[in-house]
Amino acid sequence: MPLATNDVRRFADLDDTDRAILSELAADGRLPNNALAERVGVAPSTCLTRTRALRERGAIRGFHAEVDPAAVGLPLQALVSVRLTAHERAAVDAFRARSVRLPGVVAVFHVAGAEDYVLHVRAASADALRDFVLDHLAVDPAVLHTQTSLIFEQARGMG
């Protein structure tokens with residue numbers, strides 16, 4: 001039976017070298033293999049093999065550029081909490097599938113608590129953010145309630 005994509009058993013056998021590679025790449029995804037190998041204390045060929053294996057098993061999901069939202073005309077960021085009307089698996093899965101395709105959505109988090117989802121959204125202005133909520137969420141019959149929190153500042157953690 002194949003393991004689920006979020007099954008922690010896939011990562012249970014990561015050793016200290018694998019964890020060091022992941023840590024270094026999380027801090028700087030553009031780190032060249034030779035520098036990465038030196039930092040974690042292995043040969044470049046070993047480092048390359050291990051990095052490929054970590055990608056294949058899903059420990060490394062991808063490499064991304066962190067772009068300043070203002071540089072692409074979306075300086076306003078918000079977290080939009082969403083409470084759904086129904087909680088059957090089909091309704092929850094359908095909302096997630098729709099929400100990740102909405103314009104300006106950076107990330108979708110399925111959360112525990114009073115709300116069901118939190119959407120990280122980028123917008124050109126407060127008016128554009130309001131229009132996003134009204135045009136995409138308030139009209140969705142699966143959505144019972146939304147609450148929008150503006151992001152004043154974002155700092156990236158080490159984790």
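Modeller: Let us start with the term "domain": the domain bounds used here come from an automatic or database domain assignment. Please keep in mind that this is a predicted model.

Colleague: Into which domains is the chain divided, and how far apart do their C-alpha centres lie?

Modeller: The assignment gives domain 1, residues 16-57, and domain 2, residues 69-151. The C-alpha centres of domain 1 and domain 2 are 35 Å apart.

Colleague: Let us turn to the helices. At what angle do the axes of H1 and H2 cross?

Modeller: Helix H1 spans residues 16-27 and helix H2 residues 33-40; their axes come within 10 Å and cross at roughly 130°. This angle makes H1 oblique to H2, because only angles from 65 to 115 degrees count as roughly perpendicular and those over 145 as roughly antiparallel. The crossing of H1 and H2 is right-handed.

Colleague: How are H2 and H3 placed relative to each other?

Modeller: The axes of H2 and helix H3, residues 44-56, come within 8 Å and cross at roughly 100°. H2 and H3 are therefore roughly perpendicular to each other. On the H2 side, the contact is made by Asn33, Asn34, Leu36 and Ala37; on the H3 side, by Pro44, Cys47, Leu48 and Thr51. The contact of H2 with H3 comprises five nonpolar and three polar residues, with no charged ones.

Colleague: At what angle do H1 and H3 pack?

Modeller: H1 and H3 pack at about 80°, their axes being 10 Å apart, and they are therefore roughly perpendicular to each other. Thr17, Asp18, Ile21, Leu22 and Leu25 of H1 meet Cys47, Arg50, Thr51 and Leu54 of H3. Here the classes are five nonpolar, two polar and two charged residues.

Colleague: I would now like to understand sheets. How do the strands of a sheet pair?

Modeller: In general, strands of a sheet pair through backbone hydrogen bonds, in either a parallel or an antiparallel manner. In this model, four strands form an open sheet in the order E2-E3-E1-E4, with antiparallel pairing. Strand E2 (105-110) and strand E4 (143-151) stand at the edges with a single partner strand each, so one side of each has no neighbour in the sheet. On average, neighbouring strands of this sheet are turned by 20° against each other, direction ignored.

Colleague: How many bridges join E1 to E4, and which residue of E4 is the bridge partner of Leu84?

Modeller: Strand E1, residues 76-84, is joined to E4 by eight bridges, and the two run antiparallel. The bridge partner of Leu84 in E4 is Val143.

Colleague: What do E2 and E3 form, and how many residues are between them?

Modeller: E2 and E3 form a hairpin with six residues between them, and Gly113 in the turn has a positive phi of about 120°. Their antiparallel pairing extends over five bridges.

Colleague: Which strands does helix H4 lie across?

Modeller: Helix H4, residues 89-99, lies across E1, E2, strand E3 (117-123) and E4, and runs at about 15° to E3.

Methods
Residues numbered from 1 in each chain as written. Predicted model: local features only at pLDDT ≥ 70, side-chain atom pairs only at ≥ 80, totals over all residues. Heavy atoms only, no water. Axes fitted to C-alpha atoms, helices over the stretch in contact; angles between N-to-C directions. Parallel < 35°, antiparallel > 145°, perpendicular 65-115°, else oblique. Left-handed = near helix turned anticlockwise from the far one by under 90°. Pairing = 2+ DSSP bridges. Contact = heavy atoms within 4.5 Å. Nonpolar A, V, L, I, M, F, W, Y, C, P; charged D, E, K, R; others polar.
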